[in-house]
Amino acid sequence: MVFGFLLFFIFSINQNKALSYYDCSSYGPFAYSDGTGYCKCSYGYVMSSNLLGGSYCVSIGQYCKDKYGYNATSDYLTNECKCISGYLFGKDMFGNTSCVSGDSLCRDSYGSNSKYDSSSDKCKCRPGYSFGDNMYGETKCVSNDTLCQNNYGYDSTYNSLLDKCECRYGHEFTLKTSGGLECESCSSKYGYYSSYNSSEKKCECMSGYTLDDDNQCVKKQNNVYFRLIELDSDNNRALIKSEYDNKYYSIVYKSGCYSYSFKRYLNKQIVVNLGTDFFINKGDKIVLQDDNELCEIKDFEKVDSSFSFNKEKESSFFGAPV
């Protein structure tokens, strides 16, 4: 907004003279007769009222002070009243036009954290504050933190070094369903197994976890193909070979994989869910992918390529060689 308006006056002959018969002393030392029966004021002076209510020649500067207050002055080149630096025409406490401080006018319009900038002739906000809507929807100088929270939610804050809004620790910008961005906590956005990367200022999944189709951090599931070499369904045992590292394992599995289903996978691929690593562990899951069956590994033993359940049985039946 621009406050650079000046209330000015140009004094006419009638305003600057009074009827007289050549004796102008009653109008002060700066009055003189114009030779036509009127008294006039010298340049830079104007006919005004004295303390007793009579007419008197006073300086234009004094006239401006009398009319607009102590902080008014005059421009002797233009005979205009104006306010001194830092002051503007406005209303005083009585509703009269007066020279009031620019800071006061700005505070009245934009709150206590605004100030007047004489170089731009505009109201500005103090450092740490910006123009924005307060809780009543009024344009005021509100804190930059409040401005950020109005735009991005309670968990946003203002970074004065970068001069921008950002999310608090443990939160990141998230697209709202209604449009726009808001600061949302990592756990709210990605679940319990999420964490905050402070160096990159973003949320991510903890080590060993990954995002699922629902955008939640879940334990990694490294599904690896194994070839079913042998099956001892009577004892819930299987000999399998990893197609990841070509190693052989003798495993004992729990219920969930039925014998008649399991047998169909002999010399074929089965899936083993190895969890967060690529090694056989107790608790890893065997998946019979074509039958929608799953069973847990109860125990395991790494064996070589010559291992066979049949050889094991023969050795047990005949005993150790002499």
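1. Patches here are made of residues with over 30% relative accessible area and no salt bridge, and nonpolar side chains are joined within 5 Å. Keep in mind that this is a predicted model. F173, L175 and L181 form one such nonpolar patch on the surface, and together they have about 280 Å² of accessible area.

2. Have a look at F173, which sits in strand β16 (residues 171-175). Its relative accessibility is 33%, so F173 counts as partly exposed.

3. Now for the cysteines: the count comes to 11 disulfides. One of them links C106 and C123, with the sulfur atoms 2.0 Å apart. C106 belongs to helix α2 (residues 102-110) and C123 to strand β11 (residues 122-125), so this pair ties together parts that are 17 residues apart in sequence. The torsion about the S-S bond is about -90 degrees, so the disulfide is left-handed. Both C106 and C123 are buried.

4. Next up is the disulfide between C205 and C217, at 2.1 Å from S to S. Here strand β19 (residues 202-205) holds C205 and strand β21 (residues 217-219) holds C217, so the parts tied together are 12 residues apart in sequence. C205 is buried, and C217 is buried too.

5. C257 lies in the loop between β24 (248-253) and α5 (259-262), while C295 is in strand β27 (residues 293-303), so the pair ties together parts that are 38 residues apart in sequence. Are these two cysteines buried or exposed? C257 has a relative accessible area of 7%, so it is buried; C295 counts as buried at 1%.

Technical notes. Residues numbered from 1 in each chain as written. Predicted model: local features only at pLDDT ≥ 70, side-chain atom pairs only at ≥ 80, totals over all residues. Heavy atoms only, no water. Patch = residues over 30% accessible without salt bridge, like charges linked within 9 Å, V, L, I, M, F, W, Y side chains within 5 Å. Areas by Shrake-Rupley, 256 points an atom, 1.4 Å probe, with all protein chains shown as cover. Salt bridge = Lys/Arg side-chain N within 4 Å of Asp/Glu carboxyl O. Helix = DSSP H or I, 4+ residues; strand = E, 2+ residues; numbered from the N terminus. Buried < 20%, exposed > 50% of the residue type's maximum accessible area, 1.4 Å probe, protein only. Disulfide = S-S within 2.5 Å.
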